[in-house]
Amino acid sequence: MGFVVLALLLIAGAVFAVVVLRRSQGGRDGSDLSDLDAEVEASGSVLRLGASLTVPEARVWAGADEAVTRALTNAVECHRTAAAQLTTARTVTEYTQAARTAQEGLAYVATARAALGSVPVLADSAAA
C-alpha cells in the first residue's frame with residue numbers, strides 16, 4: 001500500500017514539474033491561448049487537413065485537371081510542413097504557425113473542390 005502511495009506522489013510531482021517547466025520557458029506572444037490550447041488547435045487543423053486528403057477524396061480527384069492537381073499538391077505540402085512544425089513546436093507562436101500552415105492547406109483543398117464543382121466544399125475547408 002505504501003508503495004502505491006509513493007508511486008502516485010512521484011507521478012504527481014513529475015506532472016507538476018513538467019507544467020512548471022513549460023510555463024517558465026516563456027515564449028508567450030501576448031495571446032490569450034495557453035500552450036496547451038494552441039497545441040490542441042494546431043493539432044485539430046492538421047488532422048482536418050489530413051482527413052481532407054484521404055483515399056475516398058483521391059478517387060474523386062483522380063481525373064482532375066492541372067489546376068486541381070496543383071492545388072492538391074500544395075495542400076499535401078502544407079500538410080507535411082504543418083505536421084513537421086507541430087512536432088517541433090513548444091510555444092504558442094510555433095503552434096499558431098503550424099495551425100496557419102494547415103489552414104493554408106485547407107484553403108488549397110477548398111480551391112480544388114470548388115474547381116471540381118461536383119464535390120461540396122466543407123465549412124472547415126472554406127473557413128481558411
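Which hand does the crossing of α4 and α5 have, left or right? I looked it up in this predicted model, and the crossing of α4 and α5 is left-handed.

**Entry: the α4 and α5 pair**
I describe two packed helices by the angle between their axes and the distance between the axes. For helix α4 (residues 66-88) and helix α5 (residues 92-116), I read a crossing of roughly 165°, with the axes coming within 8 Å. The cut-off for roughly antiparallel is over 145 degrees, and α4 and α5 are therefore roughly antiparallel to each other. I then sorted the residues of the contact of α4 with α5 and got 15 nonpolar, seven polar and two charged.

**Entry: the chain as a whole**
I stepped back to the secondary structure and found six helices and zero strands. Along the sequence, the pattern reads α-α-α-α-α-α. Of the 128 residues in the chain, 26% are buried. Among contacts with a separation of 6 or more, 65% come from residues 24 or more positions apart.

**Entry: helix α2**
I checked the span of α2 (residues 35-52): its 18 residues reach 26 Å from first C-alpha to last, close to the 26 Å expected. Its buried residues include Asp35, Ala38, Ala42, Val46 and Leu49.

How values were computed: Residues numbered from 1 in each chain as written. Predicted model: local features only at pLDDT ≥ 70, side-chain atom pairs only at ≥ 80, totals over all residues. Heavy atoms only, no water. Helix = DSSP H or I, 4+ residues; strand = E, 2+ residues; numbered from the N terminus. Expected span 1.5 Å × (residues − 1). Buried < 20%, exposed > 50% of the residue type's maximum accessible area, 1.4 Å probe, protein only. Axes fitted to C-alpha atoms, helices over the stretch in contact; angles between N-to-C directions. Parallel < 35°, antiparallel > 145°, perpendicular 65-115°, else oblique. Left-handed = near helix turned anticlockwise from the far one by under 90°. Nonpolar A, V, L, I, M, F, W, Y, C, P; charged D, E, K, R; others polar. Contact = heavy atoms within 4.5 Å.
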